[in-house]
Amino acid sequence: MLSILSSSLRITAVTWLLCGLVYPLLVNGFSQIIFPVQANGSIITDNKGNMIGSSLIGQNWSGNQWFHGRASATTDTDPNDATKTIAASYNAGNSSGSNFGPTSQALSDRLTADRKALETVQPELQGKGLPADMLTASASGLDPDISPDNALLQASRVAKARAVSLSQVQALILTHIQKPTFGIFGEPRVNVLALNLALQNSFSNAEGKN
């Protein structure tokens, strides 16, 4: 019995050392050398070196002078009733989708309201087919990217708000289109945080906040 217990304790200790200490240290050390940016959260900084977000986590941008990300259906605990939740867009502590199906009235109402709000700001989009990601939320609620078509359709609003030419804003978008990973995984995309940072650096005549 003591022999079995002794062997079990030794195996447990060795397993803990290898899996709980040695392996994490090796992986972390290797990643810090080979992929330091990704290992530290893919943090994006402004031109003063201040951290403003992660390229992996979307943010809730508002204001016509910014490019907007996808809708977010994340929630948070209701401060007035801990047994309930409230809408909290881009809550990084609670990644989730709405789980609404195609027959959901709540989803239909939200899409209709968002479309009307969009067309109020950009009348030229009335009755026009839109990229799916321009109105629908992602499964995670934290998608940091939008499609190039989505970004290009927002260009006129941004250009007007910043009093610059449409061609200048479109050119900026084109330089921020990321190709599919390794050429085969995913779709072409534009990181909203990186694009808005470049927008502010290039055309800072309009102030705003995210």
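**Cores, a surface patch and the overall form**

Let's start inside: the largest nonpolar core has 21 residues, and F67, A151, V169, L172, I173, L195 and L199 touch the most other members. The largest share, 6 residues, comes from α6. Apart from this core lies another, of 6 residues, including L118, L125, M134 and L135. A nonpolar core here is a set of buried Ala, Val, Leu, Ile, Met, Phe, Trp, Tyr and Cys residues joined through side-chain atoms within 4.5 Å. Buried means under 20% relative accessible area, exposed means over 50%, and partly exposed is in between (1.4 Å probe, protein chains only).

A word on the basis of all this: the model is predicted, with local features needing pLDDT of at least 70 and side-chain atom pairs counting only at pLDDT 80 or more, while totals for chains, interfaces and linings use all residues. Residues are numbered from 1 along each chain as its sequence is written, and side-chain values use heavy atoms, leaving out hydrogens and water.

Leaving aside neighbours within four places in sequence, I173 is in contact (heavy atoms within 4.5 Å) with F67, A151, L152, A155 and L195. F67 also turns up beside N196, which touches W61, W66 and F67 when residues up to four places away in sequence are not counted. N196 sits in helix α6 (residues 192-202) and counts as buried because its relative accessibility is 0%.

Now move to helix α1 (residues 2-34), where L26 lies. L26 counts as exposed because its relative accessibility is 58%. Together with V14, W16, L17, L18, L21, V22 and L25, L26 makes a nonpolar surface patch of about 790 Å².

Finally, step back to the whole protein chain, which has 6 helices and 7 strands. These are DSSP runs numbered from the N terminus: helices are H or I, at least four residues, and strands are E, at least two. Along the sequence the pattern reads α-α-β-β-β-β-α-β-α-α-β-β-α. The C-alpha atoms fill a box of roughly 80 × 40 × 40 Å, taken along the principal axes. Of the 210 residues, 30% count as buried.

Terms used. Patch = residues over 30% accessible without salt bridge, like charges linked within 9 Å, V, L, I, M, F, W, Y side chains within 5 Å. Areas by Shrake-Rupley, 256 points an atom, 1.4 Å probe, with all protein chains shown as cover. Salt bridge = Lys/Arg side-chain N within 4 Å of Asp/Glu carboxyl O.
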